[in-house]
Amino acid sequence: MAYDAEVLVVGCGNVLFKDDGFGPATINKIEEQVDKRPLPSNVMTIDAGTSAPHYIFSLPNPMWKKIIILDIADFGGKPGDIKQLSIDDVPEGKYQDPHSVSVADPLQSLDDVEITIIACQPERVSSPYVEYGLSEVVEEAIPKAIDVVYDEVNI
């Protein structure tokens, strides 16, 4: 699949590990309401699950101007808090394919692309044990994260 859009909104995370599924769940909610709240034509939403580092971020497109990442992060907030982070706020290797031979973080190499992370403070991540479904406070944070996405795409 070609990711031919100026702005990518990418949900990252593993839905099998409780709150780690925040990114994909938020993308799904955006897509559910797109008829009532459309995105500009230059914006593409992607439920990347755990494949973003390898299949998206490592295959840059000169068309890209901005990438908005939806993911969990431990930034010291209360569970369900939403915070915007820059690429400089993210530990190196966070968006690196763990199976890759390369040691370069693919997001660090996207020099001409504005990158913002809309992060949610998780309540619980069940890895390595499978536990499907978000905690209530993280589920309730999704509308706020969506509002931030729409602010970022200038709606």
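I take buried to mean under 20% relative accessible area, exposed over 50%, and partly exposed in between, with a 1.4 Å probe and protein chains only. With that rule, I listed the buried residues of helix α1: F22, G23, P24, T26, I27 and I30. Helices here are DSSP runs of H or I with at least four residues, strands are runs of E with at least two, and both are numbered from the N terminus.

**Ground rules.** I am working on a predicted model, where local features need pLDDT of at least 70, side-chain atom pairs count only at pLDDT 80 or more, and totals for chains, interfaces and linings use all residues. Residues are numbered from 1 along each chain as its sequence is written, and side-chain values use heavy atoms, with hydrogens and water left out.

**Whole chain.** I counted three helices and five strands. Along the sequence they follow β-α-β-α-β-β-β-α. Of the 155 residues, 48% are buried. The chain exposes about 8300 Å², and carbon and sulfur atoms supply 50% of that area. Areas come from the Shrake-Rupley method with a 1.4 Å probe; for residues, only the protein chains shown count as cover.

I then looked at contacts, meaning heavy atoms within 4.5 Å. Among contacts between residues at least 6 apart in sequence, 79% join residues at least 24 apart.

**Around α1.** What covers the buried residues of this helix? I found that the cover includes β1, β2, β3 (66-72), β4, β5 and α3 (136-152). Helix α1 also belongs to a right-handed β-α-β unit with β1 and β2. Right-handed means that, with the strands pointing away from the viewer, the path from the first strand over the helix to the second runs clockwise.

**β1 and β2.** Strands pair if DSSP finds at least two bridges between them. Six bridges join β1 to β2, and the two run parallel. V9 stands opposite T45 in β2. Strand β2 covers residues 43-49, and six of its seven residues are buried, so the rest of the structure largely encloses it.

**The loop from β1 to α1.** I checked two residues here. D20 sits in the loop between β1 (7-12) and α1 (22-32). Is D20 buried or exposed? It is buried, at 14% relative accessible area. Leaving aside neighbours within four places in sequence, D20 contacts C12, G13, N14, D71, I72 and V125.

K18 lies in the loop between β1 and α1. It is not a glycine, yet its phi is positive, about 55°. K18 is buried, with a relative accessible area of 14%.

**Two prolines.** I found P106 in the loop between β4 (82-86) and β5 (114-120). At 8% relative accessibility it counts as buried. L59 is 47 residues from P106 in sequence, but their C-alpha atoms are 8.6 Å apart in space.

P128 is in the loop between β5 and α3. Which residue does a cis peptide bond join to P128? It is S127, and omega is about 10°.

**Rings.** I looked for aromatic pairs: rings of Phe, Tyr and Trp (its six-membered ring) with centres within 6.5 Å, where planes under 30 degrees apart count as stacked, over 60 as edge-to-face and the rest as tilted. The count is zero.

I also looked for a charge over a ring, which needs NZ of Lys or CZ of Arg within 6 Å of the ring centre and within 35 degrees of the ring normal. The charged end of R37 sits over the ring of Y150, 3.9 Å from its centre.
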